[in-house]
Amino acid sequence: MKYLNEFRNPEIAKKYLDKIHKITTKEWNIMEICGGQTHSIMKYGIQEMLPKKVNLVHGPGCPVCVTPLEQLDKAISIASRSDVIFTSFGDMLRVPGSEKDLLSVKAEGGDVRVVYSPLGAVQIAQENPDKEIVFFAVGFETTAPGNAMAVHQAKKRGLKNFSVLVSHVLVPPAVEVILSSPINKVQGFLAAGHVCTVMGYQEYIPIAEKYKVPFIVTGFEPIDIIEGIYQCVKQLEEGKSEVVNQYSRSVSAKGNNNAQNIVTEVFDTKPRKWRGIGEIPGSGFGLTKQYSDFDAETKFGVEEYKAEEPAECIAGLVLQGVNKPNECPAFGKSCTPEHPLGATMVSTEGACSAYYRYRNIKTS
Amino acid sequence: MCLAIPGKVIEIYDENGLKMGKIDYAGTINKACLEYTPEAQVGEYCIVHAGFAISVLNEEEAGKTFQEWDRMLEEINKEISSEEK
């Protein structure tokens with residue numbers, strides 16, 4: 001596929017890997033923020049091809065993984081209602097709530113449907129005027145424009161039977177939590193290329209200056225990631241902490257203004273609880289006053305739900321890059337993709353799931 | 001979830017007042033909303049996430065990357081030929 005296959009060329013990958021080996025003199029911990037990048041790293045065995053001194057730690061950039069248990073319980077409660085058609089991206093269906101998951105609700109007769117685009121949920125609302133259609137609006141900055149457009153369109157089309165269960169999170173506040181933690185070991189970041197496609201990368205400049213860490217805006221193909229690591233190690237070795245754009249074929253400094261405008265109209269920032277991490281101020285989106293009629297939490301009275309996470313799961317530490325998945329005593333034993341304890345084992349982008357899936361891959 | 005892939009815009013049309021496009025992903029065709037990339041033209045590549053184009057692929061920037069790689073590959077070939085000597 002054009003603009004994908006080129007970025008998987010093993011000769012180029014080897015050249016960048018040689019350059020990394022040549023310049024590395026000290027031990028460095030680099031965090032890739034996005035779960036999609038974690039997945040590529042495990043799939044292509046990138047960690048094993050790096051110098052032993054370069055350690056990749058996996059970040060919190062998997063929205064499925066960081067959606068708190070109580071949001072899932074809210075989704076399950078709403079989806080169980082006979083007057084509701086509950087719509088969601090497929091990733092959310094197998095994530096366990098306190099008692100069950102959305103797939104079980106569907107098996108029990110609930111009308112739970114997977115949509116490819118949030119606009120698909122609006123279409124279902126239009127075609128089913130005597131049902132309540134709820135869309136599970138989960139995601140980072142990349143997904144926010146599409147979800148915002150769905151709400152914007154529902155209002156424009158006068159749809160009273162459409163609402164969204166919002167569980168949106170934002171990358172920069174989480175990065176600051178990681179960097180300001182006393183147990184932080186991350187010295188450089190690969191910033192998520194598609195988040196930055198939407199938002200640009202100017203937000204990272206003050207963070208890079210404040211914490212003296214480099215950020216490389218990085219794509220998702222193996223060469224993107226290896227080149228991102230090279231640029232990060234180069235800065236670390238030279239004592240620099242700049243924001244550099246490796247993914248320039250998609251990302252500009254200011255991002256996508258058209259997308260940002262709709263997002264700002266529909267959503268405003270609010271505190272959000274992250275699964276395994278806790279509440280982070282200003283780390284998520286909620287609906288603006290103008291769009292508050294589309295809030296499924298108030299419509300179905302589930303705002304006050306609270307839930308405790310299983311104590312055995314160390315997903316919070318994995319999501320902050322403190323522990324690797326295979327350092328968890330439950331990994332591959334009491335926690336597998338078939339019987340997950342935490343969302344990092346459920347989502348295909350979760351670090352635990354990626355470690356489990358590619359655990360037997362060895363790179364020569 | 002932030003997965004987004006490049007696809008070629010093969011047709012632009014209107015649906016419910018929204019700018020939409022048919023996108024060709026190496027033979028698989030699906031639709032995407034182009035409201036956030038109004039500058040997208042037929043024949044250009046867009047990066048598409050969850051049914052929305054979030055950027056028009058910057059072919060000039062991609063071209064610069066490929067040029068740099070050509071230079072790197074030349075270096076590799078030179079290294080190989082000097083080793084053979």
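Me: How much area is buried between chain A and chain B, and what share do carbon and sulfur atoms give?

Reply: About 3800 Å² is buried between chain A and chain B, with 66% of that coming from carbon and sulfur atoms. "Buried" here means accessible area (1.4 Å probe) that two parts lose on being put together, summed over both. Before we go on: this is a predicted model, where local features need pLDDT of at least 70, side-chain atom pairs count only at pLDDT 80 or more, and totals for chains, interfaces and linings use all residues. Residues are numbered from 1 along each chain as its sequence is written, chains are lettered from A and ligands numbered from 1 in the order in which they are written, and side-chain values use heavy atoms, leaving out hydrogens and water.

Me: Which residues of chain A lose the most area to chain B?

Reply: Tyr3(A), Lys15(A) and Tyr116(A), which together make up 19% of what that side buries. The whole contact (heavy atoms within 4.5 Å) takes 45 residues from chain A and 41 residues from chain B.

Me: What makes α1(A) and α1(B) roughly perpendicular?

Reply: Their axes cross at roughly 80° and come within 10 Å. Axes are lines fitted to C-alpha atoms, for helices over the stretch in contact, and angles run from 0 to 180 degrees between N-to-C directions. Angles under 35 degrees count as roughly parallel, over 145 as roughly antiparallel, 65 to 115 as roughly perpendicular and the rest as oblique. So α1(A) and α1(B) count as roughly perpendicular to each other. Among the residues meeting there are Lys15(A) and Tyr16(A) in α1(A), and Trp69(B) and Glu75(B) in α1(B). By class, that contact has 6 nonpolar, no polar and 5 charged residues.

Me: Why is α7(A) called roughly parallel to α8(A)?

Reply: Helix α7 (residues 118-127) of chain A and helix α8 (residues 144-156) of chain A pack at about 25°, with axes 8 Å apart. That angle makes α7(A) roughly parallel to α8(A). The contact includes Leu119(A) and Val122(A) of α7(A), plus Met149(A) and Ala150(A) of α8(A). By class, it's 6 nonpolar, 3 polar and no charged residues.

Me: And what makes α9(A) roughly parallel to α11(A)?

Reply: They pack at an angle of about 5°, with their axes 11 Å apart. So α9(A) is roughly parallel to α11(A).

Me: How do you know that Lys299(A) and Glu132(A) meet in a salt bridge?

Reply: The rule wants a side-chain nitrogen of Lys or Arg within 4 Å of a carboxyl oxygen of Asp or Glu. For Lys299(A) and Glu132(A), N to O is 2.8 Å, and they do meet in a salt bridge. The pair links distant parts of the chain, 167 residues apart: Lys299(A) sits in helix α14 and Glu132(A) in strand β5. Helices (H or I, at least four residues) and strands (E, at least two) are DSSP runs, numbered from the N terminus.

Me: How many salt bridges are there over all chains?

Reply: The search of the whole structure finds 16, while the count between chain A and chain B is 0.

Definitions and conventions. Nonpolar A, V, L, I, M, F, W, Y, C, P; charged D, E, K, R; others polar.
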